Amino acid sequence: KRTMSATTSLKDKLTSALPSGFQCKIRYIRTQAKDCDALFPAFPGGQPERTRLTSHLLTVSVDPANVPSNSPPIPAGSADVLSFAIEVFVYTTKYLTTIFVSKIDSTSYIPRQRPSPIQRTVTAFLEWLKDSQLQKFPTRKVVISLFARAQAQYIFPGSSDDRGGAKYNKHVLDDRQLIKWWVRTIDPIISNSKSSETTYQGHLTVPGYEGNELKRSFTPTSADPTKPNWLPGNPLVELARARGLPEHAPTRCLLPRFPDDPKARFVLELDEEVGLSQESQATTASPSKRKGRWTSVRDLKSFWDAMEFRQECSSGRVVGFLWLVITPPGSDDVEIDETEPSSQISLADMLDGSAEKEENQPKQPSRDQSKKKRPLTGPIVPRPPRLKGGSSNLSQSSNRSTVGKLDLVRGLVVTKDGYDKAVQTLLSLDFANLPIAVKSTKKWIFEV
C-alpha cells in the first residue's frame, strides 16, 4: 500500500522553493475527502459520476515589524500579519482528478522581490498537490484548472484600500497581466517534468481571442518547438475521453461546474432554456429533454464564441481559462462498456430522439419500507451532554499528536463545518491597513 511518507512534505517543498532569506509563517488546513455533487453533468441515460471533494486553504504571513508602513504603530508583541492566501478544491472521480484553484489573494505586506515569494508559493503548492495525487493514483490523469479574472480583492476585504506607502501598495494586476502571471506560475510545473515519462500540456482559452493573440500570453521556452508547453484552446474533449464519454456526448457533459465560475453560470442558463436546470431531469424528463442538448449552443466552439459576449468577458474585460493536463504512463482513455445503458444511446438518438423509449416500470418498495417499525423496549439510558463551542467542531481528531503529525506531512485536517467557518471568518475580516490587518490576523488564528 502506498503511503504519503514517500511524498515530500509540504514544509520541505516550500522551504526549497521560497527565495533565500524570505521569512514567513505558513498555515495549511484541509478537509478529508467527502462525497459531493458531480463536477460534470451526467451523460443522458447515465448516472452522475461519483465525485469526492477535499478543500485546501494555505496562508502565508510575515512579521509586521519588517513591513514599512505609514500607518499608525502596530500593537506591541504582534506575531505576524496575513499576507497571502490560496484556496484549492480537489475533485476526484474514478478516472480523473481535477485540482481547481478557487481563490487567490494577497495584501501589500510581502515586499516585491525576484523571484516572487507569492509565485513560488503557488507553483510549489500546486505541484505538491499534483504529486500527492499521482502518488495515490499513479495511472489516473490529473488536470489543474482555473480561470483568471482580475479583481481588487478575493480573500482579504479592504486590502485594496491600504495606502501604507506607495512602494507597498497592493499590486492589483489587470486582466491581461493576470493571465500572463498564471501562465508564468504554472509553466515551471511543466518545465520541471521534462525528464519524466509523465506528459504535461498547458491549454489557454480567452473568449474573443484567436490563436496568435493567445500566444502573446505564453512564456518563451527553450524546449522543442514541436512540443510547446502551451497550446491555444482547451482539453475538454480529451478529458471527456478520459472519463469514458463517447464522441457524440452533449456539450453540457464536457463542461465542469466549478463554484463562482463564469462558464458554469452560462451552463446553468443554457440548461434552464431546455428544462435541464436540475441534474435529475437529464435522466427522467421527457424524450426531448433527455437528449441533453442545448438548442442555441450546439458544440464547444459555439459555447466559447457565446462566452465572448457574456458580462464577465465583455465590456473591455478579459477572462482566461487555463488547464494543465498531466497524463502519467499507463493512463489510457476509458473503454466504454457497451452493456451500460448510457453507452447504448446512439448519435441519432441524441439528435432526434427517434429511438428513445419511455420506461414506466412500477417502483417496488424497499425491504426497509415494507417492514413495520417495532416499538422500542428496554431501559432508558441517558446520554451525557456533548460540549459545544471551542475548537471541538474544527479539529478532525482530538489526539494532538496525530494532528501534529498530519501537519508536518499532509496539513491540519478539519471538519467541513470547521473549514467553512475558517474561510468565512477570513472573508469577514478587515485588512484596510497594517494595524487593522494585524488584529484581523490574530482573530483568525484564534478562531481556527
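Student: Why is Arg-50 called exposed?

Tutor: Its relative accessible area is 58%, and exposed means over 50%, with buried under 20% and partly exposed in between (1.4 Å probe, protein chains only). Arg-50 is therefore exposed. The model is predicted: local features need pLDDT of at least 70, side-chain atom pairs count only at pLDDT 80 or more, and totals for chains, interfaces and linings use all residues. Residues are numbered from 1 along each chain as its sequence is written, and side-chain values use heavy atoms, leaving out hydrogens and water.

Student: What makes the contact of Arg-50 with Asp-35 a salt bridge?

Tutor: The side chains meet at 3.2 Å, N to O. A salt bridge needs a side-chain nitrogen of Lys or Arg within 4 Å of a carboxyl oxygen of Asp or Glu, so the pair qualifies. Arg-50 sits in the loop between strand 2 (34-36) and strand 3, and Asp-35 in strand 2, 15 residues apart. Helices (H or I, at least four residues) and strands (E, at least two) are DSSP runs, numbered from the N terminus.

Student: Why is Asp-35 called partly exposed?

Tutor: The relative accessible area of Asp-35 is 48%, which puts it in the partly exposed class. Asp-35 and Arg-50 also belong to a network of salt bridges with Arg-52.

Student: How many salt bridges does the structure hold?

Tutor: There are 16. One of them joins the side chains of Arg-27 and Asp-80 at 2.9 Å, N to O.

Student: Why is the Arg-27 and Asp-80 pair said to tie parts together?

Tutor: Arg-27 lies in strand 1 (residues 25-30) and Asp-80 in the loop between strand 3 (51-62) and strand 4 (81-92), so the pair ties together parts 53 residues apart in sequence. Arg-27 is partly exposed at 25% relative accessible area, whereas Asp-80, at 6% relative accessibility, counts as buried.

Student: What makes the side chains of Arg-310 and Glu-269 a salt bridge?

Tutor: They meet at 2.8 Å, N to O. Arg-310 is in the loop between helix 9 and strand 9, and Glu-269 is in helix 6 (residues 262-273), 41 residues apart. Arg-310 has a relative accessible area of 14% and is therefore buried; Glu-269, at 38%, is partly exposed.

Student: How many aromatic pairs are there, and why is that of Phe-303 and Trp-304 called edge-to-face?

Tutor: The structure holds 13 aromatic pairs. In the pair of Phe-303 and Trp-304 the ring centres are 5.4 Å apart and the planes stand at 85 degrees, so the pair is edge-to-face. Rings of Phe, Tyr and Trp (its six-membered ring) pair if their centres lie within 6.5 Å; planes under 30 degrees apart are stacked, over 60 edge-to-face, and the rest tilted. Phe-303, at 0% relative accessibility, counts as buried, as does Trp-304 at 8%.

Student: Why is the pair of Trp-304 and Trp-323 also edge-to-face?

Tutor: The centres of these rings are 6.1 Å apart and the planes are at 85 degrees, so the pair is edge-to-face. Trp-304 lies in helix 9 (residues 300-307) and Trp-323 in strand 9 (residues 320-327), so this pair ties together parts 19 residues apart in sequence. Trp-323 counts as buried at 2% relative accessibility. Ring pairs link a cluster that includes Phe-303, Trp-304, Phe-321 and Trp-323.

Student: What makes Arg-140 count as sitting over the ring of Phe-137?

Tutor: The charged end of Arg-140 is 3.7 Å from the ring centre. The rule asks for NZ of Lys or CZ of Arg within 6 Å of the ring centre and within 35 degrees of the ring normal. Arg-243 likewise lies over the face of Phe-40, at 3.8 Å from the ring centre.
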